[in-house]
Amino acid sequence: MEPHIAIFPSPGMGHLIPLTELAHRLLLHRRLFITFIIPTVAGSPVKPQNDILNAMPENISSIFLPPVNLNDIPEDAALETRISLTLTRSLPALRQTLTDLTSGSLRKKPSALVVDIFGPPSFELAKEFNIPAYMFCTFSAMTLVCTFQTPIIDQMYACEYKDLPEPVRLPGCLPAESVQDKKNETYLRMVELSKMYSLPKGVLVNSFLELEPGSFKAMEEGDWCKPKIYPVGPLIHAGSQDLNSEGFECLKWLDKHPVRSVLFVSFGSGGTLSQKQLHELAFGLEQSGQRFLWVVKSPQGKSNASYFNAQSHLDPFGFLPDGFLERVEDRGLVVSYWAPQVEILRHGSTGGFFTHCGWNSILESVVCGVPMIAWPLFAEQKMNSVLLTDGLGVARRVKVDENGVVGRDEVSKCVSSLIKGEEGRKMRMKMSELKGLGAMALSQDGSSTRSLLSVAQEWCD
Ligand code: UDP
């Protein structure tokens, strides 16, 4: 019987999508059975997850765990807290599923349990069942180094990092703005989680050697990095075969516009803006005079408010400035909540991407060769934006004013310089080099393919 791999993703499309791509790629090279064991939250829609899982080949099956209840968690609890609690509260159901899988009533005992960055609390269970545990890193190698280093620097500095005379230098990383408040709930949770990062047998990273050579080298050489590191990216969503009518409309609309003339504006599955910010963005796009395709969500107080609910029920168009849609009718398309991002980035008319710097969005832009405007909103996105701007030179970062808002003039300036300016042209050239390197990494003898084959071999032995 073929080897069997169990995958336990944390909630959020940004985690599920790259893990399903990992599964697809594994099947390209090896005969395996793969089971996704999926935690769910009461009241959260599962449709976008279902759409992806239903499209999987028959060797990949999925089991939805019973929904956990998060009603006792304060409304303003950090996103990371909600994700972590969903996983830890799903552990009893995971234990039951592993019991069923190992007892043979469902399928052969898994030869590996693969979890993502929030999954390490399940390593104890894997040990109990004698299943080797692996982690799939859905963020950059630079963020992975930073996470490995977190328990070390936490011990080293008693003060706040922002009070240090210089940014903390981490091996193989660019100096980036670090955590502003060490007493913050998310930071404390990350310190605990990162201590468990040395436990898995291996860490598969959705990045590639040629994109982040310094960070990969630091992990290879540093004695603080215990697991074996496997760069396996860029793994991006292949794009769906059956687009819904709105998705199809986006591509038809792009067909009508000149090559590389349209800016795609989207802040991932979870990113949301305040009402004031939404207006400034709208006026800035209008002022720029450039073409754009904007995925708009209803404004929220928190920047990641739609993370657990990719399809909110409020009509976002009602929050746009009066008359905006009519004024930009000939050069702007606004869609609500969700658009086929990969297909849009791949389309020849797309010339730039205004992004919140989620790691998947970045990899998709790299694979499609589209330069970016970086507008980091939450999580590790500020660090990603440093890699894109200072490190790789393929994005321009927006300037946030003293009130925390990106004003219309700044939006307009960034958009024009990316789509029409010399800066945009240079960034596009660098992006096209990266696109080539990414394709090479995934080619038959490329660095990521070799790395994936070596970890797959461990699972098949
Ligand atoms: N995505 C999409 N359409 C949308 C918004 C997002 O297809 O309208 C996909 C996007 O292509 C990416 C994922 O959702 O694969 C978002 O992941 P990312 O890491 O960029 O950000 P997150 O949503 O985790 O903040």
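How many residues of domain 1 are in contact with how many residues of domain 2? In this predicted model, 29 residues of domain 1 are in contact with 28 residues of domain 2. Two residues count as in contact if their C-beta atoms, placed from the backbone, lie within 7 Å. The model is predicted, so local features need pLDDT of at least 70 and side-chain atom pairs count only at pLDDT 80 or more, while totals for chains, interfaces and linings use all residues. Residues are numbered from 1 along each chain as its sequence is written.

**Two domains**

- The protein chain is divided into domain 1 (4-238 + 443-460) and domain 2 (249-438). These bounds come from an automatic or database domain assignment.
- The centres of domain 1 and domain 2, taken over C-alpha atoms, are separated by 27 Å.
- H1, H3 and H5 each supply at least two residues of the side of domain 1 that touches domain 2. H1 gives the largest share of that side, four residues.

**The seven-stranded sheet**

- An open sheet of seven strands has the order E3-E2-E1-E4-E5-E6-E7, with parallel pairing. Two strands pair if DSSP finds at least two bridges between them.
- Strand E3 (60-64) and strand E7 (228-231) are the edge strands, and each pairs on one side only.
- Neighbouring strands of this sheet are turned by 25° against each other on average, direction ignored.
- Helix H3 (residues 79-102) lies across strand E1 (4-8), strand E2 (33-38) and E3. H3 runs at about 155° to E2. For such angles, axes are lines fitted to C-alpha atoms, for helices over the stretch in contact, and angles run from 0 to 180 degrees between N-to-C directions.

**Strand E6 and its partners**

- Strand E5 (residues 133-137) and strand E6 (residues 202-205) run parallel and are joined by four bridges. Here Tyr-134 stands opposite Gly-202 in E6.
- E6 also pairs with E7 in the parallel sense, over four bridges. Val-203 stands opposite Ile-229 in E7.
- In a regular strand the side chains alternate between the two faces of the sheet.
- Both faces of E6 are covered. Gly-202 and Leu-204 are buried on one side, and Val-203 and Val-205 on the other.
- A residue is buried if 20 or more other C-beta atoms lie within 10 Å of its own, exposed if 12 or fewer, and partly exposed in between; C-beta atoms are placed from the backbone.
- E6, helix H7 (residues 213-221) and E7 make a right-handed β-α-β unit. Right-handed means that, with the strands pointing away from the viewer, the path from the first strand over the helix to the second runs clockwise.

**The nonpolar core**

- The largest nonpolar core has 116 residues. Such a core is a set of buried Ala, Val, Leu, Ile, Met, Phe, Trp, Tyr and Cys residues joined through C-beta atoms within 7 Å.
- Ile-7, Val-145, Leu-204 and Leu-293 touch the most other members.
- Helix H1 (residues 13-29) gives the most to this core, with seven residues.
- The core draws at least three residues from each of domain 1 and domain 2.

**A loop residue: Pro-171**

- Pro-171 lies in the loop between helix H5 (141-156) and helix H6 (185-195).
- Why does Pro-171 count as partly exposed? The reason is that Pro-171 has 17 C-beta neighbours inside 10 Å.
- Beyond its neighbours within four places in sequence, Pro-171 is in contact with Val-145, Ala-218 and Gly-222.

**The six-stranded sheet**

- A second open sheet, of six strands, has the order E10-E9-E8-E11-E12-E13, with parallel pairing.
- Its edge strands are strand E10 (332-336) and strand E13 (395-397).
- Strand E11 (residues 350-355) pairs with strand E12 (residues 372-374) in the parallel sense, over three bridges. The bridge partner of Thr-355 in E12 is Ala-374.

**Helix H13**

- Helix H13 (residues 381-391) is mostly covered, with eight of its eleven residues buried.
- Among the buried residues are Met-383, Val-386 and Leu-387. Their cover includes H5, helix H12 (359-368), E12 and E13.
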